[in-house]
Amino acid sequence: MEKASLERLGRTVRERRLALGLTQDQVTEAGGPSDKRQTKIENATPPAPSITTLAKLDVALRWSPGSAAAVLNGGAPMPSEARTLTEEDVERRVALALALERVGVTNAAARGTPRGGGGILNDDVIDSLIDLLNSLPPARRDEETPT
C-alpha cells in the first residue's frame with residue numbers, strides 16, 4: 001500500500017471524526033476500531049487497515065458501507081443516510097418494547113421484515129407488532145416462557 005493512500009485515509013478519518021465532534025474513545029464506543037488503531041490510521045502508520053477495521057470506521061464515522069475502503073483506494077466517503085429518530089419514533093419503539101415484555105418476549109429478531117432508511121423497522125410494521133402483541137394475553141411470570 002502506498003504511503004500516499006494511507007495518508008489520505010488518515011487525514012480523511014481525522015477530519016470526519018473532528019467534524020462529528022468525536023474523540024477516539026467515542027469512535028471506539030460507536031463501533032469503531034480501538035483508539036490505538038485509530039491513532040495508527042490517522043498517522044498513516046503501516047500496515048493498511050484490514051477490511052474489518054475499514055468496516056468499523058464506516059459504522060463509527062457514519063459513512064455508507066465501503067466508504068473507508070473507497071478513500072483508501074482514492075475515492076470519496078459517502079455519509080450514511082441513516083435518519084435521526086424523532087420523539088414519535090422513540091415512543092413507538094418504547095411501546096413495542098413494552099408490548100414484547102408484556103407477553104414475555106425477551107429476545108426478538110426481525111429477519112426479512114420491511115425496513116426504512118438506515119435499517120430501521122418500518123413504522124407500519126412496528127404498529128402492527130404492537131397491536132398484535134397487545135391482543136395476546138399477558139405472559140405468566142410463574143412459569144418459564146420461551147423466548
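**Close-up views of a predicted model**

**View 1. The largest nonpolar core of this predicted model.** This core has 15 residues. Those with the most contacts inside it are Leu9, Val13, Leu54, Leu57, Leu61 and Ala68. Two or more core residues come from each of helix H1 (3-19), helix H4 (51-60) and helix H5 (67-72). In soluble globular proteins, nonpolar side chains tend to be buried together.

**View 2. The surroundings of Leu57.** When residues up to four places away in sequence are not counted, Leu57 touches Val13, Pro33, Ile41, Arg62, Trp63 and Ala68. Of these, Val13 and Ala68 are also named, with Leu57, among the residues with the most contacts inside the largest nonpolar core. Apart from that core lies another, of six residues, among them Leu96, Val103, Ile130 and Leu133.

**View 3. The length of helix H6.** Helix H6 comprises the 16 residues 87-102. Following H6 is Gly104, with a positive phi near 85°.

**View 4. The buried and exposed faces of helix H6.** The buried residues of H6 are Asp89, Arg92, Leu96 and Ala99. Because these four residues cover an arc of only 90° around the axis, they lie on the same side of H6. Helix H7 (123-135) is included in what covers them. The face of H6 turned away from this buried side carries Glu87 and Leu98, both exposed.

Notes. Residues are numbered from 1 along each chain as its sequence is written. This is a predicted model: local features need pLDDT of at least 70, side-chain atom pairs count only at pLDDT 80 or more; totals for chains, interfaces and linings use all residues. Side-chain values use heavy atoms; hydrogens and water are left out. The expected span of a helix is 1.5 Å times one less than its number of residues. Buried means under 20% relative accessible area, exposed over 50%, partly exposed in between (1.4 Å probe, protein chains only). The arc is that of the directions from the helix axis to the C-beta atoms. Contact means heavy atoms within 4.5 Å. A nonpolar core is a set of buried Ala, Val, Leu, Ile, Met, Phe, Trp, Tyr and Cys residues joined through side-chain atoms within 4.5 Å.
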